[in-house]
Structures are given as structure tokens and as C-alpha cells.
Amino acid sequence: MSPDVMIYNVLCLAVPFSVAILIAALGENFNQRAGVFNLGCDGIMCMGAYVGFMLPYALKSAALAPYGNVLGLVGAMAVGAAFGLLFALVTVTFRASQGIAGIGLQMLGWGLSGTLFRHFVGGVTGVEGIQVWPIPYLSKIPFLGGVLFNHNPLAYVAFLLVPASWFLLYKTPWGLKVRAVGTHPRAADTMGIHVDRTRYQALALGGAMAGLAGAYLSLCQAKMFSDDLVAGRGFIAVALVYFGRWSPLGILGGAMLFSIAQSFQLSMQVWGIKFPYEFAVMLPYVLVIIVLALARKARQLGPTDLGKPYNREMRF
Amino acid sequence: MTSLEPISELKLEGITKRFPGVLACDGITLDVRRGEVLALVGENGAGKTTLMNIIMGLYRPDSGTISVNGEVVQFRAPGDAYARGIGMVHQHFMLVPNMTVAENLAMGLKDLHHFMRLDIKGAAKKIREVSERYELPVNPDAYIWQLSVGEQQRVELVKTLCLGARLLILDEPTSALTPQETDDLIERLQRMASELAIIFISHKLNEVKALSDRVSILRHGAVVFNGHTANHEPSELAALMTGHEVTLPRNEGSGGQGTPLLSVRQLRVRGDRGNLALDGLDLELRAGEVLGVAGVSGNGQREFADALAGLRPVESGEILFQGRNLANNTPRQIIDSGMGYVPEDRQTEGIVPSFSVKDNLILKDFASKQFSRLSYLSRKEIDRNAEQLKERFDIRCPSTSTATGSLSGGNIQKVILAREIARGPKALVAVYPTRGIDMGAQEFIHSQLLERRREGIGIILISEELEEVMNLSDRIAVIYKGRILKVLPAVEATRERLGILMAGLTDTDPPPAAGAPSIPAAGAAHE
């Protein structure tokens, strides 16, 4: 196999790998920009994956069957948003420690999705899911066409979400509020911004995006559901937000780096290169740790009040 | 923003606010009208800031009424106060550092918020208008974190005016400013006062004298005095504020003849940004003297103090303390060599805020034989030590088990001073020891320092309060751009002469009488 074909294969595979972590990380970015880090992202993805699979599966023979996939995506986002709001209730209103609450949410989502699946479905069952949708003409471009324009519709959505979330954060009133409440909530409060309300909104949006990311895994990638489908991608998404220094473009870069590493290790196995499999699987994760450790500290750009509940009447 | 008639009078009647265990405001009645500056004076913890937060709708009063132009109002959030033309510049700036000036303003201007579009140009335009009208130069596109403290102060003023405030509440606006910036601010406020109403909170009485028309004094949450500023001397106000006569102690001796204790030679230290913050600093401290280090902040004071305490690496040079070079020693080695340290940032460097008073008092000696047996802390001894120091240093706290961070600044400083002095140091480095501290505590800390001097301890006093440096020092060293520009005996130092030196000009000749940079003198700055 010539090197350019190898590169082509690695890149073609990397794009689908990046979709779920990219969407989830862009959602997590809204959470963190508003000052709340949601470690429960992984659990929400599990719920999204379950609901995204379950709706089309249950509607298989009903009249709504043609809309099954769309309903699956919408349902996953709705459930994700609901979990985001639950997290907001716990951490914003009741001011619980975000780290512990996030771990709790992760376990809740993971356990609940698995339990519901075993109760209602059980065993390995597939759905038709959402198929790859090559973009007419563009997908015919040599090399680039295959890498960029021959994917699942949700992959295109994920990449469009990068400029969209940048615009939302930096060019709209809502984005301004989100950035303010995550960095200096008291200042935002004195300017008439509702800190708690804004954090609720950001957590709902982040949850919906995590739900969508989960549904991508079940409905577009695996076309089935299992307990270990999400496999810690929610935590990777959280790490990507730090990696990307809370910027959508940085997050995209991190997601691509991670997926290319993942796709590379998979390709190595396909090519039959002798390399311990376990070590190769570990590689992308090690990469994230190394990059996070070496990352330049840019405190003045990040949400400096990340992780701190806001209490107006608390005295300094 | 205001559709109602502009604010011409604000009246508070019987405002009371309780926090758990504290009566922060006790039936306060006040009023302020357009065209006048009301100074609100009181020691730390007298309830000034709480009262202002009530006016702004950040706290709800337990009882009492607020009325604007004779009409009773209830503010639920700062937005409501702004709608009636009341705005506040908080002591800790309410600016989001990772946003631009225009973005910070746009948060509060709801008519710039369109669906999916923020009219940031509109905010910038408004800033330019206001900054021209009131002569407060501000760049709307600058990020807050890029601005100096003085510039941020200006941004706060412009922001508050842009939001439609015509009654300004300024909460200790000069506490973080350099003397020059303070002068500048007072001058600007004087110009603005004619068309606005201003409530000026401070405990620096010379500023109160320079700026205000009327003064109200708060003590333990209640108003104890109302009067016209012009009719009262600062000393009189100080007595009313603290409840007793205050005379800051002075160093009457003529020290500087003791044996050399510490000599710093050609010290080079890098600042946070990699620049050479100290560039060949020479200094000598003798036993039994207070050596004042005066200078505009940012000329290497922080780096000098850090290097002396072992908190910052030394590039080159020597710190000879009783014949031993302490440069690049660890803080532990420096502590053990008999050097005491009162750091600039008392909340984060001086104490562990969540630790109790008694634990903070043994922070440097927890492993000593006195306080630990077989690596277990001996609680009895720690309690005894704390009670004794609490008594001796007049630390006012509910008990020695109270979290130190919840005490007032003055009491936190007393805890630090008690710890450092009780260790029996041979030299003491005190950095801005009374910054932001009320007069009562200031008096106590000053007399403590002078007493230690008499006992033969050498003290380096780093401060930008000229009054403090001149009152306490035997000799004064002026620091400028990382070097000592000149060391002069305190008796030869005047405000003017120090002012010139601090600006970087050497005075080989006797100081000129006129043309010196003005630095506000107590009670003399109102022309």
C-alpha cells in the first residue's frame, strides 16, 4: 500500500471518529463557559445513545416509522437537555459540588440506559439507522472528496456546529452572558444578568448536544446499542474543552488530533503491523494527557470561575 | 435607559440588615442630592459596603425604606437601581477580564441585545461619547486584563455613566491606586461632581477632605455623625470614626547607627513577565532601625520582597544576613535564619484563610518541639499560644477557632504580625502592612513595629503611603526601576522631595520649592 493511500484511509476513518466527541465537546464548552463543568457528559451520551436507538427501534412497524430516525435524534436531544437541567438543579440551585455531582450523573446515565435497554430490548439487535450521505459533486473530488464529503449527515452538522458555536459565543447577547457568568458572575449580576438562569440555559444546551452526540454513536455509527457503546467518550469531550482552551476551533483541532490517532492505531492493526494492540488503543488517551500537561496556561482567556457556585449574598 | 425623571435626591430611612451573628446596618438614615459629594466614612466592617449593596438591590434590607425623588422604591436587582439612575463602582472591580471594554458595557445595555446579534458597535459608540463628555479616556476595544488598575477604574466610571447613572456610589475607589492615579481620580471626580450626585466611601480622610461636601460617619453599623466636611479637621473625623482619639505613632529616635544586619548587593531578580524587575539593587539594613522603601508600586517592590522571603529565584547578587548569603535559599532556611515576613497579599500569602486563627498562628512552627510531640500536634499548647497572642496583639475574633479568612483585614494583619513577632525574629520585612486597614488597626500595627525597633530588630518597611514611611522610618530608600535611587535620613525627607525621587529624578541640589509633582497631603489637598 502506498503512503498516500494509507494517509487517505487514516483520514477517511478519522472524520467519523471525531463526530461524537466533537459535538459533545462543543456542548460541554457552553457548560464550562458558563462556569459549570459537567463530568456527567458521558452519562448523558449514554442516555442519548439509548433514546436515539430506542425510538426508531420501537417505531419500526408503526405509522411513524419513516420519521423514526429524526424522532430518535430529537428525543435524544430532549432527554439530554432534561439531564442537563437536572444537573443544573443540583449544581446551580442546590450548589452541590460539581465534580461529585458530575460523577453521579455519569453513573446514573450509564446505569439507567443499560437497565432500560435490558428491560425493553435485551440482546443484540440492530436498527437501520442513518446512512452515509455523500454530498453530490463535492464527494467526487479526488482525495478531499472522500475525506470531507462522504460521511453521515450528522458529521456535516458537527463541523457546521464549530462556526455556529463560535458565533453564538462571541457575536450574540446570549454568548456574552454565558462568558460573563462563567468568568465573573458577580460582575454579570451587577449588570442585570441572571446568573442562575443563564447557567441553566447553557447546561440545557450542553446536555442536548451531548444527547445528540450519543445518538450519533448508536444511530449512525454502530446502528445498535450496548452498555459500553459510549466507552468514556464523554470524558474525552471534557478533556477536549480544556485542550482547546474553551475555543470552538481549538476543540475541533483537539477532536481531529484524537481521532486521527485513534484511526491510525486501528489502521496499524489492519495493515498487520506488529504492535501490541493494548498499547495502540492507549495511544490517543496518552496523547490527550501529554498535551493537557504541556498546554500553555492562558488563564485570562478561560472561564476563571469554573466550578464555583454563585451565591449573591455570600460575603467576601 | 431612564424614562423617569433624572435622580435629584436619594434618601435612606431606618435601613437595617442582619447577617448571621452580625448586625451590619442598624437603622441607617442618610440622604444625598444632586451636585453634592457625600463622604461615607467608617472603619472596616462598619457596614459601608453592605449599605451600598442594599441601595443597589444586591442585598435586601430587613427593614427601612429607600426613596428616590421622594418616591419609595424597592430594588430587587442592580438593574432596578440603574433604571432609577443609581450606579456603583465596586471596590473589587466588576469587570469581566477576558472581555473587552465594550463587551463589558454591552452586558448591561439591553437595547443592544437583538435576536442572534449583539450591537457591539453601539456600545463602543456610547463609550466614546461618555468618555469624551466627562474627559475619561477609555479604549472600547481593549481587553480588561490588558489594562492597569487605574485604567480599569476609569472603565468602571465610564461604564456606570453609560448605564445612565447620575448618582454614583464609589466604594473605596482609591484603595488599589498609586498616589498619582489617586490624584488624577480625585481631580476628575471634582470636575464631574457638579452635574452628578456622588457617594464616596473611604477611610482615607485626606481624600474625604479633598473631595466631599458633607460627611457621614458609620460605626458598628450605625450613623454616629453627620456634618459639613469643611468644618471639621481630619483628626476630629478620625476620632469619631474609631471612637477614640487617634494619633499615629511617630519614630522619634534617630536610628541607623546599629550594627549592620542585612546587606543586599547587586541583586538581580526577574519579574513575572521575564523582565529584570530588580536590576542591581543595593541596600543595607542595621539592627534597631526601620528602613522605609518608598516608590510607586511596580518598581520592583514585590520582587524584592519575594526574593528576601525566598519565594522568587535570584539571578545574581547577594542577600547577606548576619554574614550568611540567603540568596536562593528555601523559605524554610530563611525563616529559620531569623527573618520575619509580613507579605503584601495577606489573604493568600499571609494566612490560610480557611484555617482557624490558632492554626495560622503556628503556621511557621507547627513542627517545632513547642507545638508537636512525636509528630502529633499538641493542641493544648497551640490553644495557650493563641490565647496569649490574641490578648497581646488585640486580635478581635469570636474565638481562636474562627476561620481567619472571615476576620476583617486589620485583624488578619494582626494575626500575621503576632505570628511573625512572637517568633522573635532578628529582621522583619513588612510589605504594605496597613494597606486597606482602618485607622485603629493601623495605629496598633505602627506602634508594634516601632516597639520591635526599640528592641533592636531591623525592619524593612515597603510602602507607597508616604505618610507611613515618613512616620516610621529612620532612613528612607527610594526604589525606582529595580534600583535604589537614593537613601536619605528620614529627617531630611519631605513629601515633595520623595515625590521627585519616586518619579525617577535624582536631586543633587536642594529640592525646588515649586513644580513638584503633587501628592495629596493630609487635609491640604483641597484648593
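Trainee: At what angle do α10 and α12 of chain A cross?

Mentor: Two packed helices are described by the angle between their axes and the distance between the axes. Axes are lines fitted to C-alpha atoms, for helices over the stretch in contact, and angles run from 0 to 180 degrees between N-to-C directions. Helices (H or I, at least four residues) and strands (E, at least two) are DSSP runs, numbered from the N terminus. Helix α10 (residues 233–243) of chain A crosses helix α12 (residues 277–294) of chain A at roughly 30°, and their axes come within 10 Å. α10(A) and α12(A) are therefore roughly parallel to each other. Their crossing is left-handed; that is the word if the near helix is turned anticlockwise from the far one by less than a right angle, and right-handed is the word if clockwise.

Trainee: Which residues make the contact of α10(A) with α12(A)?

Mentor: Two residues are in contact if their C-beta atoms, placed from the backbone, lie within 7 Å. α10(A) contributes A:I236, A:A239, A:Y242 and A:F243, and α12(A) contributes A:V288, A:V291 and A:L292. The residues of this contact divide into 7 nonpolar, no polar and no charged. Ala, Val, Leu, Ile, Met, Phe, Trp, Tyr, Cys and Pro count as nonpolar, Asp, Glu, Lys and Arg as charged, and the others, Gly among them, as polar.

Trainee: How far apart are the axes of α2(A) and α4(A)?

Mentor: Helix α2 (residues 41–58) of chain A packs against helix α4 (residues 98–120) of chain A with the axes 6 Å apart, at an angle of about 20°. α2(A) and α4(A) are therefore roughly parallel, and α2(A) passes α4(A) in a left-handed crossing. Among the contact residues are A:G43, A:C46 and A:Y50 of α2(A) and A:L105, A:G109 and A:L116 of α4(A). The residues of that contact divide into 12 nonpolar, 4 polar and 1 charged.

Trainee: Is α3(A) roughly parallel or antiparallel to α4(A)?

Mentor: Helix α3 (residues 68–93) of chain A packs on α4(A) at about 150°, with the axes 10 Å apart. That makes α3(A) roughly antiparallel to α4(A). The crossing of this pair is right-handed. A:F83, A:F87, A:V90 and A:T91 in α3(A) meet A:Q98, A:A101, A:L105 and A:G109 in α4(A). Those residues divide into 5 nonpolar, 3 polar and no charged.

Trainee: Now sheets. In what order do the strands of the open sheet with β18 of chain B stand?

Mentor: Two strands pair if DSSP finds at least two bridges between them. The order of the 6 strands in chain B is β18-β21-β22-β15-β23-β24, and the pairing is mixed. β18 (339–342) and β24 (483–489) of chain B stand at the edges with a single partner strand each, so one side of each has no neighbour in the sheet. β18(B) pairs with strand β21 (residues 427–431) of chain B in the parallel sense over 4 bridges, and B:M339 stands opposite B:A427 in β21(B). Helix α14 (residues 409–422) of chain B packs on the sheet, touching β18 and β21 of chain B, and its direction makes about 175° with that of β18(B).

Trainee: Which strands form the open sheet that holds β6 of chain B?

Mentor: The order is β6-β9-β10-β3-β11-β12 in chain B, 6 strands with mixed pairing. Strand β3 (residues 37–42) of chain B runs parallel to strand β10 (residues 197–202) of chain B, joined by 5 bridges. In that pairing B:L40 stands opposite B:I201 in β10(B).

Trainee: How many residues does each chain give to the contact between chain A and chain B?

Mentor: Chain B gives 22 residues and chain A gives 21 residues. On the side of chain B that touches chain A, α2(B) gives the most, with 3 residues. That side divides into 16 nonpolar, 4 polar and 2 charged residues.

Trainee: Where in chain B does pLDDT stay under 50?

Mentor: pLDDT is the predictor's confidence in each residue, from 0 to 100. It stays under 50 over residues 509–527 of chain B. Where pLDDT is low, the predicted coordinates should not be read in detail. Chain B averages a pLDDT of 87, and 94% of its residues score at least 70. The model scores ipTM 0.88 and pTM 0.79.

Notes
Residues are numbered from 1 along each chain as its sequence is written. Chains are lettered from A and ligands numbered from 1 in the order in which they are written. This is a predicted model: local features need pLDDT of at least 70, side-chain atom pairs count only at pLDDT 80 or more; totals for chains, interfaces and linings use all residues. Angles under 35 degrees count as roughly parallel, over 145 as roughly antiparallel, 65 to 115 as roughly perpendicular and the rest as oblique.
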